[in-house]
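Biologist: Hello! Could you take me on a close look at one part of this model, beginning at the start of the chain, and then show me how other parts are packed?

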Amino acid sequence: MTILVLSNVGARDILKDGQEIRPARPEGQRLLQELERDPGLAQRLTFPILEPCLRELLRMHPEGLDLLVLFGTDQREESYRNTDTLYFARILERLLPERVGPRLRKVEVHLLQGINPALYDEAFDAMERALRRMPGEVSVCYAILAGGTPACNAALLLQGVRYYGDRLQVIYLPIAEVPRTLRIGRQVMDAFREEVALERLRVHDFATARHHLENLKAPPGLIALVEHAARRLDFDFLAARRALERAFQEGNSDLRDFIRTHRLREDLNELLEPGDSLRRLQALLRELFWNARATYRHHRYADFLGRVYRMQEAILRLLVEQIFGLPTDLSPAVREETRRRWVEGIENHPALRQYLEGQTVEGRPLDWQNISRPTYKAMLAYAVDPDLGKDRDGKPMLSESLRKRYKALLQRVNALDPLVELRHRTIIGHDFQGVSREILQLQYAPRRSDGRVMDPVEGLEEIIRMLDIEIRDDPYEAIARFVEEAIRGRAGDSDRPHRG
């Protein structure tokens, strides 16, 4: 199937001697019967809407039209049945191929039955059922929106766009004019795409939003900004930087001001610092918090648990580096040096080593040479203990105020343990246990100072603030808002998608 034409049949689609035929149902039935007896009657009938539209389509497609489907009405309510067009559709089915020629290869009638064709919702449902039976493999589908009721034509347009997408084109015949092809199908399709793109932006699904924005032919600067957010969410900061530079290059003044105001370049500079500096680790923790909050808000709870696990490990590592001055970077380039300094630092701290050798993990002695979460937690417990926390010279490792601060922080960090254990039992860990918001809240229930139970995201935010890591406005929320405003046309016409 190559070219499909769809049209509702209305009361003005057939004229006899130039006059409308009313009431449509009984007179249409009588006329169809007369045509059986007197074929010459066809010469007195004209088709002022469909015939000009079909001839225009044949000029556009001289190879011919494969199928014309006519939608007639057949109502249930007796009081409205006189207006039905089912017999008009049968007459057109019979006479149109003779009138326009053999290049109109096939005509079929489909009845919209049991509905009131003046009601938009009933027409919408009936047209959906009808289009399910239409050919799907077409190169182009033309919808003639000149005959039929407004409700049926609206249904044909919307369901046509739904089923045929960009392949739907609209033909309309203005009064006393020639048929015209309209871009309304493409406009409706773009409106659908726009809403889908904005919905994806609101849930921070930037990768999918970018695809829809490309189909909308949105400005390149906006598309690049959305790509920047998608790459940044994946922690691919080099690709995020390249996308951001394209956004700045291609963007208008509003977009460039947005990039400057929200410090997007500065954020990437911190995240891309060489090595594993304290500043970079703090920037990564802030980024991970934004990332975790997005997964929680958008109900991706298994992914959220993965980020909780990573955040707890990174915070424990940060505290060990701050308090003990020992390296924790196990990247291939420095792994051996890190291990050497780690063992040497603990062996030169006899009280700490003795404490660690007395600890157990799941009933087995702690392997303190293994640079990992259990060792971090044991070392930090030693540091905040008022009786134990001594340096190698026997002096307190922390001042009293710092000890209390780190102890409170460690309590919050350790309160994440039930979530970490849950993570191990989910599909992103080592098992297949399900997870939901309710399950998360049962596993994690610390209270704020006012007695209210915190949700996990509030707990993470409290930890980040206790680390004195500044949490500015969420860049992902800011990007989503800016792009939505630009698409809606509130950020200047140059940021609006280009419509056909």
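Modeller: Happy to. Helices here are DSSP runs of H or I with at least four residues, strands are runs of E with at least two, and both are numbered from the N terminus. The model is a predicted one, in which local features need pLDDT of at least 70 and side-chain atom pairs count only at pLDDT 80 or more, while totals for chains, interfaces and linings use all residues. Residues are numbered from 1 along each chain as its sequence is written, and side-chain values use heavy atoms, leaving out hydrogens and water.

Let's begin with Arg 25, which is found in helix H1 (residues 24-37). With a relative accessible area of 13%, Arg 25 is buried; that word means under 20% relative accessible area, with exposed over 50% and partly exposed in between, using a 1.4 Å probe and protein chains only. The side chain of Arg 25 makes a polar contact of 2.8 Å with the side chain of Asp 84. (A polar contact is a pair of N or O atoms within 3.5 Å; within protein, one must be able to donate a hydrogen and the other to accept it, and residues adjacent in sequence count only if both atoms are side-chain atoms.) If we set aside neighbours within four places in sequence, Arg 25 is in contact with Asp 74, Gln 75, Arg 81, Asn 82, Asp 84, Leu 86 and Tyr 87, where contact means heavy atoms within 4.5 Å.

Next, helix H8 (residues 220-233). The expected span of a helix is 1.5 Å times one less than its number of residues. For the 14 residues of H8 that gives 20 Å, and its end C-alpha atoms are 20 Å apart, which agrees. Twelve of the 14 residues of H8 are buried, so the helix is largely enclosed by the rest of the structure. Among the buried residues are Glu 227, His 228 and Arg 232. Just after H8, Phe 235 takes a positive phi of about 60 degrees.

Arg 232 takes us to the rings. It lies over the face of Tyr 476, at 5.6 Å from the ring centre; a charge sits over a ring if NZ of Lys or CZ of Arg is within 6 Å of the ring centre and within 35 degrees of the ring normal. Another case is Arg 256, whose charged end sits over the ring of Phe 248, 5.0 Å from its centre.

As for ring against ring, a search of the whole structure finds seven aromatic pairs. The rings of Phe 206 and Tyr 476 have centres 6.2 Å apart and planes at 40 degrees, so this pair is tilted. Phe 206 lies in helix H7 (residues 206-215) and Tyr 476 in helix H21 (residues 475-488), so the pair ties together parts that are 270 residues apart in sequence. Phe 206 counts as buried at 1% relative accessibility, and Tyr 476 counts as buried at 1% too. The rings of Tyr 296 and Tyr 301 have centres 5.6 Å apart and planes at 70 degrees, so that pair is edge-to-face. (Rings of Phe, Tyr and Trp, the last by its six-membered ring, pair if their centres lie within 6.5 Å; planes under 30 degrees apart count as stacked, over 60 as edge-to-face and the rest as tilted.) Tyr 296 is buried at 4% relative accessibility, as is Tyr 301 at 10%. Ring pairs link Tyr 296, Tyr 301 and Phe 304 into a cluster.

Between helices H12 and H13, the loop contains His 299, which has a positive phi of about 65 degrees although it is not a glycine. His 299 is exposed, with a relative accessible area of 52%. In H12 (residues 278-297) you will also find Arg 293, which is buried at 11%. Neighbours within four places aside, Arg 293 is in contact with Val 457, Glu 461 and Asp 474.

Finally, stepping back, the chain has 21 helices and eleven strands. Its C-alpha atoms fill a box of roughly 120 × 45 × 40 Å along the principal axes, and buried residues make up 49% of the 500 residues.
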